[in-house]
Amino acid sequence: MYQCNLYSNVVSALLLASIAVSSTALAQIDTALGPQLNIGHRGASAYAPEHTFYAYDLAMEMDVDMLECDLFLTKDEVLICIHDSTVDRTSDGSGRVQDFTLDELRALDFGSWFGIKFSSAKIVPFEEQLDCYLDHNPLMRFHVETKDSAQGRAEAVLVEVLARKGLLDTGDIQTSTIVMQSFDASSLKRIKQLSELPTAFLFARRTSFELLQWVASGNGPDYIDAFAPNSAAIFNDPTSVQRFHANGHDVHTWTVNERTQMDYLLALGVDAIFTNNPDILRAAIDDKGSGTSPEQRGNPSDFKRGCQGIAGRVVSNKGPGDVWARHDSGRGVVRVEKAAASDLTNYSGPRGGD
Ligand code: G3P
Ligand code: CA
């Protein structure tokens, strides 16, 4: 009997606490600093193998504002899109990414682990991701994460590649074709020393006194433009969104795949959400009426899947690749130089999606 009462008291207390949290949260409804953005996390990675052309194609079809790329350097210093430091989970190979050359990675199957129909999925060099989706849509934007600085080489190569491609200076945190993100504040600091790329600082738990101060004050060092807490950090501290906004910082949160959580976070006024399910987030933002317009996103409704002439052509961090320039309107880019199409005779990458 005692145990039964105790149980019911605990349940009631939890219920009351959750209502109190909800009420507090409801009082914190805020307005985003700009249109609320839909970021395809590793592409539409709920439906296709992450960081492959299949997943990026699908994300574009689901009408995202931005595509995410987690970056690593290969042994021959080519920037590629992959989340883990090894290829074990997402390919039929094994070993550290940094120990493979690009050519060696191209020989691996990055799709079968997700589903046999994706067995033709290949590694995607970052430059091919850029050129492919800018070719489909020059308004597409990219949220790019340095996963491993490699003693500063990742930032150096990245800025060199983006400078060669004319993509360094295309706008601010709300318009730039490229936004940089990292859990490592020193990586963002290096980026800002080398360029004016907008930056977002990723965090989950408050693991340092410095971070505690940034979150408490809603402000941080000059090299951080946006703050990017995971969704749990916002659920635990909903007023943090207002504090960051009060200091002019956008808030980009991750990784949110359920509609109720999306609705709650959108109501709090977050500026962008990373999701594996861009279709669900598109509906949530559209229902709220707080996103970009289809014209501002620019995604073609009938694009031909795949990256013909682009997939397979990068051989080093010198390309080959296209050259772009900021569009006169201040949104998106225009291609000013097209690289020669690749010789795809030995390349078995995807010609189209699933
Ligand atoms: O970049 C946002 C989010 O992706 C951070 O976590 O581990 O998925 O890269 P992770
Ligand atoms: Ca990431």
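Let me start in a loop. Asn299 sits between α12 (294-297) and β11 (323-326). Keep in mind throughout that this is a predicted model. Is Asn299 buried or exposed? It counts as buried, because its relative accessibility is 15% and the cut-off for buried is under 20%.

What does the Asn299 side chain hold on to? One polar atom of that side chain lies 2.8 Å from the backbone oxygen of Val64. The side chain of Asn299 also makes a polar contact of 2.9 Å with the side chain of Asn137. Leaving out residues up to four places away in sequence, Asn299 touches Met60, Asp63, Val64, Asn137, Met140 and Pro294.

Now the chain as a whole. The chain has 12 helices and 12 strands. Of its 354 residues, 54% count as buried. Take the contacts with a separation of 6 or more. Residues 24 or more positions apart account for 66% of those.

Next, the nonpolar cores. As background, nonpolar side chains tend to be buried together in soluble globular proteins. Here the largest nonpolar core has 71 residues. Which members touch the most others? Those are Phe126, Tyr133, Phe142, Leu162, Ile178 and Phe201. Helix α2, residues 53-61, gives the most to this core, with seven residues. There is also a second, separate core of 13 residues. Among its members are Ile82, Phe100, Leu108 and Val314.

Stay with Tyr133 for a moment. Set aside its neighbours within four places in sequence. Tyr133 is then in contact with Phe53, Tyr56, Asp57, Met60, Leu67, Met140, Phe142 and Cys307. Met60 and Met140 are also on the list for Asn299.

Tyr133 is one of the buried residues of α4. How many residues of helix α4 are buried? The count is 10 of the 11 in residues 126-136, so the helix is largely enclosed by the rest of the structure.

On to the metal. Ligand 2 is a calcium ion. Which residues are its protein donors? They are Glu68 and Glu145, each through OE, and Asp70, through OD. These donors lie 2.1 to 2.4 Å from the ion. Along the sequence, the donor residues are spaced E-x1-D-x74-E. The site has six donor atoms, and the angles among them run from 60 to 157°. That makes the site irregular. Glu68 counts as buried because its relative accessibility is 2%. Asp70 is buried too, with a relative accessible area of 1%.

Ligand 1 comes next. The residues around ligand 1 include Glu68, Asp70 and Glu145, which are the protein donors of the calcium ion. Also around ligand 1 are His41, Arg42, His83, Lys147, Gln181, Phe183, Leu202, Trp254 and Phe274. Now the distances. A polar side-chain atom of Arg42 lies 2.7 Å from an oxygen atom of ligand 1. For Glu68, an N or O atom of the side chain is 2.9 Å from a ligand 1 oxygen. For Glu145, the corresponding distance is 3.1 Å.

His252 is found in strand β9, residues 252-253. Its side chain joins that of His143 through a polar contact of 2.9 Å. His252 and Ala226 are 26 residues apart along the chain, yet their C-alpha atoms are separated by 7.0 Å.

One last stop, in another loop. Ser91 lies between β3 (79-81) and α3 (102-106). Ser91 counts as buried, at 10% relative accessibility. Where does its side chain reach the backbone? A polar atom of the side chain lies 2.9 Å from the backbone oxygen of Val87. The backbone nitrogen of Gly93 is likewise 2.9 Å from a polar atom of that side chain. Leaving out residues up to four places away, Ser91 touches Leu108, Asp109, Phe110 and Trp113. Leu108 belongs to the second core.

Terms used
Residues numbered from 1 in each chain as written. Chains lettered and ligands numbered in written order. Predicted model: local features only at pLDDT ≥ 70, side-chain atom pairs only at ≥ 80, totals over all residues. Heavy atoms only, no water. Core = buried A, V, L, I, M, F, W, Y, C linked by side-chain atoms within 4.5 Å. Buried < 20%, exposed > 50% of the residue type's maximum accessible area, 1.4 Å probe, protein only. Helix = DSSP H or I, 4+ residues; strand = E, 2+ residues; numbered from the N terminus. Contact = heavy atoms within 4.5 Å. Donors = N, O, S within 2.8 Å, 3.2 Å for Na, K, Ca; no water. Tetrahedral: all angles 85-135°; square planar, octahedral: opposite > 155°, others 65-115°. Near = heavy atom within 4 Å. Polar contact = N/O pair within 3.5 Å; in protein donor to acceptor, adjacent residues only side chain to side chain.
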